[in-house]
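Me: Please take a close look at the surroundings of the ligand and describe them in one connected account.

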Amino acid sequence: MSIFAPDALKGKVFLVTGSSSGLGKAAAILIAECGGKVLASGRNISRLAACIEAMAGTNHVALPFELSNADEVADWVKSIAEKYGSLSGIFHSAGSELILPAKMIKQSNLEKLLDSSFFAAFGIARASSSKGVITDGGSIVFMSSVAGYRGQLGLSAYSAVKSGVDAMVRSLSCELSPRKIRVNSIVAGAVETEMHARLVVASSTEAISEYERKHLLGFGQPTDVANAVLFLLSDASRWVTGSNLVIDGGYMVR
Ligand SMILES: NC(=O)c1ccc[n+]([C@@H]2O[C@H](COP(=O)([O-])OP(=O)(O)OC[C@H]3O[C@@H](n4cnc5c(N)ncnc54)[C@H](OP(=O)(O)O)[C@@H]3O)[C@@H](O)[C@H]2O)c1
């Protein structure tokens with residue numbers, strides 16, 4: 001049950017990428033609980049349908065889309081605003097991981113990694129710069145990671161992409177501030193989603209225990225991030241922009 005008011009986002013419309021899983025799905029459900037309309041995007045149709053099913057209210061829409069190219073994503077976001085009206089905000093959660101030592105990383109690995117996390121972020125940025133796509137005073141939230149700030153075996157490419165997103169957020173917030181559109185990212189520690197489960201499978205038990213120990217409050221749950229997303233999408237954060245908000249259970253304090 002949400003601690004936010006059930007009408008906190010009433011009358012507002014949000015595009016949420018990655019709604020078919022993990023953090024995107026948790027945020028979509030919370031937005032709906034707070035009265036917002038969700039345009040839920042993902043690739044897997046049945047898991048997207050499950051997200052729509054799990055949301056309070058009946059006005060939400062599933063928008064399956066493969067995020068791979070900045071130009072296509074920009075056109076797609078613009079077409080969504082034309083069809084459903086100006087968006088109050090966007091939560092770009094979609095992303096994939098790459099756990100591979102640098103000596104094995106090829107161009108194709110990088111392209112796949114960059115597609116949803118980086119190229120799509122720039123497509124969203126370009127579309128949001130067009131008048132009418134996001135309402136003046138709206139909010140955009142990108143997903144980043146503690147991997148962008150702390151070294152970890154096998155995560156060099158993933159780390160680079162996430163710190164790139166954080167850097168983009170700072171400059172994009174300058175570009176969109178004349179229209180009071182706020183741009184922030186969430187620097188998340190390890191949260192127990194399907195992505196996290198894939199990381200666990202690829203690591204030894206000792207490595208995962210050590211990784212969890214480094215999170216002072218243990219691993220997080222999707223709602224821990226969704227609560228922060230709701231804050232950043234809502235008017236409660238009307239004076240917050242260009243920030244990389246750390247939600248990591250204390251991972252980065254030491
Ligand atoms: N979980 C963590 O510990 C953690 C920590 C820090 C940051 N993050 C970041 O948080 C975000 C969400 O992670 P998560 O844990 O929720 O992951 P997840 O459970 O694996 O979900 C990833 C979502 O992204 C979508 N997606 C991936 N590639 C896509 C593409 N090319 N086009 C369209 N959609 C695509 C997936 O859609 P389908 O399932 O429909 O294919 C899915 O909905 C990611 O950006 C991740 O890097 C996660």
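Reply:
**The ligand site**

In the side chain of R198, an N or O atom lies 2.9 Å from an oxygen atom of the ligand, a polar contact being a pair of N or O atoms within 3.5 Å. Taken alone, the ligand exposes 900 Å², of which the protein buries 93% (Shrake-Rupley areas, 1.4 Å probe). This is a predicted model, in which local features need pLDDT of at least 70 and side-chain atom pairs pLDDT 80 or more, whereas totals for chains, interfaces and linings use all residues. Residues are numbered from 1 along each chain as its sequence is written, and side-chain values use heavy atoms, without hydrogens or water.

An N or O atom in the side chain of E66 is 3.1 Å from a nitrogen atom of the ligand, while L23 places a backbone N or O atom 2.8 Å from a ligand oxygen atom.

In total, 29 residues surround the ligand, the closest being S20, S21, R47, Y158 and T193 (a heavy atom within 4 Å). This shell comprises 10 nonpolar, 13 polar and six charged residues, with Gly counted as polar and Asp, Glu, Lys and Arg as charged. At least two shell residues come from each of α1 (22-33), β5 (134-145), α5 (156-176) and α6 (194-201) (DSSP runs, helices of at least four residues and strands of at least two).

Key. Polar contact = N/O pair within 3.5 Å; in protein donor to acceptor, adjacent residues only side chain to side chain.
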